[in-house]
Amino acid sequence: MTEIPFASVSTFQELSARERLAALLDGGQFRELVGPFDRVGSPWLEPQGLVPQSDDGVVVVRGKTSGHAIVAIAIEAAFEGGSVGEVGGAKIAAALELAAESCRADDPIAALLLLESGGVRLQEANLGLAGIARIQSAIVGLRELAPVVAVVAGPTGCFGGMSLAATLCTWIIGTAHGRLGMNGPEVIEQEAGPDELDATDRELIWKLIGCEARYRQGLIDAFVADNAPSIAKAIGAALAQGVQTPVRLQNAEARLAGLRRDVMPTEAAGTGKVTTGGHRA
Amino acid sequence: MTTEASTGRGGLWLEALAGHSAKTVMDTRSILEATVNLGDPSEPVLALTVTPDPASRLPRAAHGEFGLEQAWTIAARIRQSINEDAARGMRRPILAIVDTPGQAFGRLEEQQCISVACAAAVDAYIAARRAGHPLLAFIVGRAISGSFLAHGLQAQRILAINGDGVIMHAMSPQSIARITRRTVEEVIEQAASSMPMSYSIENAHRLGVVHTLIEGISPEAPIPASVSIVKEALCRTLTEIRDEAKRGVRYAARVKDNPSRVGTATIERLMREQWNPDHLKRNQG
Amino acid sequence: MTEHIALSFPAQVPIGRRAHVGVVASGDLEVLLEPLEGKLAEVAVHTKVAGYRMTWEAVFERFFARYPYALRLEIRDYGATPGMVWLRLVQAMEHAGKNGEQ
C-alpha cells in the first residue's frame, strides 16, 4: 500500500490528483495501478514538442472510502489541462470495466471519479474522442452494478466529452470552485463571439456553470465545502445509497416538451422576428 | 476550414438509403428518421440523422448543429424504439448517419444543461446496444466532437465514405489554434503529421476508430450504384456485430493487434495484470 | 523539439526506496527515482526546452556531491528553473527516506 503524507492544507482544490485521492481514501491508503513507474505515457506528444508524463495524467487506485471498496480515478489537471488522450482514456475505461467484472464475480467494487478535465486532448483528438466514448460506455456498464460517483472540485472544472461522462454517473458532487459545462467559456466566445459570452467575466461564468448553480438546477446531486472531510462525507453518503439510475437523464420526451414550452423563443407569425417566451431560471 | 454549416448530407443519404421515406421525429425539423431495409431476407433498420433547420428557434443550432432539441429528441426516439421493439419481441438495428458541424455553442445551451441532453442521447444509445440492438454509424460528412460522442460514437461499428469533406475531429483548427497558442497554419500542418490529430478519415481508419472505409463513391451524390455499395457494407457490418456479440468479444477489443494502438493495448494488459494484489510480490519497492 | 539528456555519476551507497514527485506542468517537472545496483547513478532527462545541457549537468554535479547514492533518476521537464529542479530533487530524496547530506 502507498502512504502519502496528508497535505496539511485546508482547501481541497490545491491538492494534486494523488493528494486528493490520499485525502479521500480511508487512512490515506491505496494501491496504485499502472502508476508512474510503469512509464506508460502518451506516444503522441513527443513528436509535437511536448514531454509526456509517466502516468499520462491519470491516477488509478484501489482502496476504500467510508468502508466501501472502490476503484478511484483522479485526473491530474496540471498535466495538459487534464485533457484525455489515448493512454489516460484507456486507463479510466479499463478501471471501470474491471470494476464491473469484479461486481459480476461477486466482488462488489464501486467507482469514484475526480474529474478535472478540459475534455479531449487536442493533440490526440480522435483517440481522445474514442477514449471518452469508451469511458462513457464503461460508466453506464458499471452504474447498473455499483454506484459511480463523480466529484468536480476545480479549479479546472469538467468540460467537453468528460462533462458528458460526469453527467452519466450515478452521483455528482461539486464544490464552489468547480464548474461543469459541455463547452468551455473560451470556446463559446471563440465560436459565437463575446456578445454571446464574455469568457473573462468570472462572476457570470460561475453563475452559469459553477457547481452551486448546477446544484440549484438539479444537474448535480450534492454541493459541499472545499475540504476533504466534507467531500469524503458526501461520497460516503452517495455510496451508501447503492445502485440508482440518475434522474437527470430520464424523461427525454418531457424535457423536450419543457424546452419548447418554457425556453425556446417563439416566432412572431409572418414577421420572421423572434421574441423570447418564458424562461426557466 | 471554418465552422461551416452542415452540408445536409445526412438527410440526402437517409433518403437515398430508405427509398425516400424519411420523416421528422417528434416535431423536431432537424431530426429525420427512416427505415432502411437491409439484407435478404430484408430486415428493418431504424436510421436517424441530423439535418439543418434554418428556421430553428434556437439560433445556435440552425445549421445542423447538435443542440438541446436535437439531443433530447434523439434520446427520446431511441428510448421509444427500445420500448416499441421490446413489445414486439424485436431488436431493430439502429443506424446513426453522421454529418454535423458540431455541438451547439451558446450561453442558453449551457444554461439549459446541454451536457445532460447529450449525455441522455449517449445513455439511450448505450441502453439500446446493451438491450441487444446492433448499433452502426455511417459518416458521410463531418463527425465532430460532442455531437459525434452523442450521435455515432457508441456504435459497435463505424463506417465512413473515403471522400471529400468526410472528416472526424475534436475541434476546428481555428479553435485549436487559439487554445494551444499556435497559428492556424501550424495547427493544420501539425495535424497532418500526427495520426490522431489528423483530419483525414483514412487516419481515423488506421487508428481503428473507423472500422470500414467505403471507397470509390462520392459522399455528395448518393446515386443508386453508391447506395447499393453502402447497403452491402452495412449488411456485412451487421453480420460482424452479431457474430461478435455471440462470441462475447468486448467493445473496442479489436484494437488489440493494431500497431497504431500500442498505448491502448499496453494499458489493457497492465491494468488487467495489476487489478489483483498478487503482482505486488513481484514489484516491491 | 524536446531534448533527451543522459548523464552518469559515481555513487557510493545504494538508495533504499523509490520515489515519485512532481508534475509535467509549465515551470515544473516530474521526477522518478529508483534504486540501482552498483556504484553508479544514472540520470535521464526529457525536457521540453532544448539547449540547456550544461545547466542540467551543473545541477546534477551539485546534487550527487550532496547525495552520492546509486540510483536512477528520470526527469520529465516542462521548463522548470534550476531552483525548481533542485526543489523537486530534494523532495524526491525526502520521499526516498534521505533527508540530509551523506
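Reader: Which residues in H2(B) meet which ones in H4(B)?

Author: In this predicted model, the H2(B) side of the meeting is formed by B:Leu68, B:Ala71, B:Trp72, B:Ile74, B:Ala75, B:Ile78, B:Arg79 and B:Ile82, while H4(B) brings B:Ile114, B:Ala117, B:Cys118, B:Ala120, B:Ala121, B:Ala124, B:Tyr125, B:Ala127 and B:Ala128.

Reader: At what angle do the two helices pack?

Author: Helix H2 of chain B, residues 68-88, and helix H4 of chain B, residues 114-130, pack at about 25°, and their axes are 8 Å apart. Angles under 35 degrees count as roughly parallel, and H2(B) and H4(B) are therefore roughly parallel to each other. The crossing in which H2(B) passes H4(B) is left-handed.

Reader: Switching topic, how many residues does each chain put into the contact between chain B and chain A?

Author: Chain B gives 66 residues to that contact, and chain A gives 66 residues. Several elements of chain B each supply at least two residues of the side that touches chain A, among them H2, H4, strand S8 (167-169) and helix H7 (184-193).

Reader: Which element gives the most?

Author: That is H10(B), with 10 residues on the side of chain B that touches chain A. By class, this side of chain B holds 36 nonpolar, 20 polar and 10 charged residues.

Reader: What about chain A, which domains does the assignment give?

Author: The domain assignment of chain A gives domain 1, covering 2-245, and domain 2, covering 251-281, and the C-alpha centres of these domains of chain A lie 34 Å apart.

Notes
Residues numbered from 1 in each chain as written. Chains lettered and ligands numbered in written order. Predicted model: local features only at pLDDT ≥ 70, side-chain atom pairs only at ≥ 80, totals over all residues. Axes fitted to C-alpha atoms, helices over the stretch in contact; angles between N-to-C directions. Helix = DSSP H or I, 4+ residues; strand = E, 2+ residues; numbered from the N terminus. Parallel < 35°, antiparallel > 145°, perpendicular 65-115°, else oblique. Left-handed = near helix turned anticlockwise from the far one by under 90°. Contact = placed C-beta atoms within 7 Å. Nonpolar A, V, L, I, M, F, W, Y, C, P; charged D, E, K, R; others polar. Domains from an automatic or database assignment.
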